[in-house]
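This report describes a model with attention to its fold, its chain contact and selected helices. The sequence and structure are shown first.

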Amino acid sequence: MTASANRGLGEPAAPSGRRRFGAPGAVRRRFSLLTRRDKLILGLMVGIPTFIHVFFIWVPTIASGILSFTSWNGIGLDRIQFIGLKNYTDLFGGIYPPFWPAIQHNLIWLGVFLGIATPIGIFFAVLLDKEIRGTRVYQSALYLPVVLSLAIIGFIWQLIYSPDEGLINNLLGTAGTAEAVDWFGNRSINLWAVLVAATWRHVGYIMVLYLAGLKSVDPSLKEAAAIDGAGEVQTFFRVVFPVLRPINLVVVVITVIESLRAFDLVFIINRGLNGLELLSVLITNNIIGEASRIGFGSALAMILLVISVGPIIYYLTRSIRAEQA
Amino acid sequence: MTVEPHATALAAPLTARRRRTPPQRILLQGFLVATSLIWLSPILWAIYTSLRPYADTARLGYVSIGGTYNLDNFVNSWNGAELPKYFINTLIIVVPAVVLTLFLASMVAFAVSRYSWRFNLALLMLFTAGNLLPQQVVITPLYRIYLLVLGIPEPLSDNGRLYDQYLGIMIIHIAFQLGFCTFVLSNYMKTIPRELNEAAVVDGAGVFRTYREIILPLCRPPLAALATLQFTWIYNDFFWALILMRTGDKLPITSALNNLKGQFFIDNNLIAAGSILVALPTLIVFFVLQKQFIRGLTLGSTKG
């Protein structure tokens, strides 16, 4: 059964050892208990939501793939022209100037999230997992930004970054002068300024996820390590971290996907221009911009899809395996 | 967990109280207090700025104390930017979207987790993968579909299309969030003993009655957690309405911020007050339903 399910999605089959349902006789024929009417109702219970999901998520995804090989301005379905790989060669060939900066910014975003934000989140989770007085209060403070929308986060950080009225420039005494630093406007620094705000939120998210994972670690493991003379740092890296492999994977995948989805923050700041170009912004600009280039936007979407497919498959196979184990 | 043995050994008794506090702990407490304050500072700064009239900050500078403190900025942004209108738009979208998402997801989860048949694993993968896609991957064709679909009847759509309609925004939220909710709920339902189904069948209950009267009431904890999480996520969504709504007056509050910026929110004091007002519902969730929110987040990740 697992094998057929995997084939259906066109993904590599799970290792045969995992095929629990595949063993003959292991399949429990529940349908025999069901009446014809029950089967019909079950069909509807699954069918209606599946239709909604497939029609609005997967059909557009596939259509994106097809449209990426066409040239279309969005008016009249008969005006769609197949142009082969031209959109892709144009993109990679540098005809569209924001493309490479966007790729670069997406990679920097990913690098900062994976290399800085996520480790900080894990670090706080480890600190707060101990029985410290007030740990709840600290946890709340760190995770408060997670409930805020990224659009609001953009606004709140503008209060800190703006050249004339912002906190930093007022503290530096440069507010309103020629030396004022325009943190969101200066294209050589604004990506980093935005990443500080994005990190502020991501740290709390990772901390919450990791804390839940740490709670599931058997305390006797840590005690045993301590008795063997391991320090706290050693205990974490040698004992706790390896045990938490499943949650580590989840955290990495969520981090990758969050970095690829980044959009709201840069769009609310300056519509993703002038140093804040991201793939997601370029796709959007090709739909709502003056010249709607559907094929071109779709090719960008496909590049984003290809980058995100790796983590998605990774996450799925992991969670499905965990389910069968 | 108690204090680590080696930490206790190092500890010098600082106070004569019942619990001795080792210096490491004091260091740690200090570090955590400082970090928490730094973490909260952007929000505290927003609150402080929002309480001061623009005239005062212009005269004294933003980093200053003194002048008057009042709620004028809140009143002005509430009225000037017509925030109530956008709050209502959000409500029109969020409430049905959350209810329908949970209803539909729980039905799929029920079928997938309580009955075995050929495709249930494939189905679960399809839903989960769909939820992980970046929104921009689907938006280009989706925008065209929303324009092309015709003939949606009057109360649901006033132009017959999905484009520029509350219904359209609701549907895309449902379609997207179904993935996550189905995944979480099916994991939860798997922990409910299968014998309950059999007992229901023996009692002559049909499939739908088994779902509604036996399984669903047992799923209250994950449903409450998911409802909290979904409310926050859909409330906070910026992207869908930005692209799929054209009429400015119909925008939900989070997407409306893009238009309000520079139009009504002209100085930092108003931006601060507006931000706090718009963040308020999610902050209430944070303070009142924190447990539910965290459980919703972690339910999807810690299983396995």
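## Overview of chain A

Of the 325 residues in chain A, 43% are buried. The model is a predicted one. Chain A contains 14 helices and 2 strands. Among the contacts in chain A with a separation of 6 or more, 61% join residues 24 or more positions apart.

## Contact between the chains

Chain A contributes 94 residues to the contact, and chain B contributes 89 residues. On the side of chain A that touches chain B, helix H2 (residues 36-67) of chain A supplies the largest share, 19 residues. That side of chain A comprises 62 nonpolar, 21 polar and 11 charged residues.

## Helix H2 of chain A

H2(A) is kinked by about 35°, and the kink is centred on A:Val54. The buried residues of H2(A) include A:His53 and A:Phe56. Buried positions elsewhere in H2(A) include A:Leu42, A:Met45, A:Val46, A:Pro49, A:Pro60, A:Ser64 and A:Leu67.

## The largest nonpolar core

The largest nonpolar core has 176 residues. Those that touch the most other members are A:Val194, A:Met207, A:Tyr210, A:Leu265, A:Val266 and B:Leu244. Helix H8 (residues 190-215) of chain A gives the most to this core, namely 16 residues.

Apart from neighbours within four places in sequence, A:Met207 is in contact with A:Gly121, A:Phe124, A:Ala125, A:Leu142 and A:Tyr143.

Is B:Gln136 buried or exposed? B:Gln136 has 26 other C-beta atoms within 10 Å; because a residue counts as buried at 20 or more, B:Gln136 is buried. B:Gln136 belongs to helix H7 (residues 135-148) of chain B.

Which residues are in contact with B:Gln136, leaving aside its neighbours within four places in sequence? They are A:Phe263, A:Ser280, A:Ile283, A:Thr284, A:Ala301 and A:Leu304. Along the chain, B:Gln136 and B:Tyr146 are 10 residues apart, and their C-alpha atoms are separated by 15 Å.

## Helix H11 of chain A

Helix H11 (residues 245-261) of chain A has 17 residues, which at 1.5 Å a residue should span 24 Å.

Buried residues of H11(A) include A:Ile247, A:Val250, A:Val251, A:Val253, A:Ile254 and A:Val256. A:Thr255, A:Glu258, A:Ser259 and A:Arg261 are also among the buried residues of H11(A).

Definitions and conventions. Residues are numbered from 1 along each chain as its sequence is written. Chains are lettered from A and ligands numbered from 1 in the order in which they are written. This is a predicted model: local features need pLDDT of at least 70, side-chain atom pairs count only at pLDDT 80 or more; totals for chains, interfaces and linings use all residues. Two residues are in contact if their C-beta atoms, placed from the backbone, lie within 7 Å. Helices (H or I, at least four residues) and strands (E, at least two) are DSSP runs, numbered from the N terminus. Ala, Val, Leu, Ile, Met, Phe, Trp, Tyr, Cys and Pro count as nonpolar, Asp, Glu, Lys and Arg as charged, and the others, Gly among them, as polar. A nonpolar core is a set of buried Ala, Val, Leu, Ile, Met, Phe, Trp, Tyr and Cys residues joined through C-beta atoms within 7 Å. A residue is buried if 20 or more other C-beta atoms lie within 10 Å of its own, exposed if 12 or fewer, and partly exposed in between; C-beta atoms are placed from the backbone. The bend at a residue is the angle between axes fitted to the seven residues ending there and the seven starting there. The expected span of a helix is 1.5 Å times one less than its number of residues.
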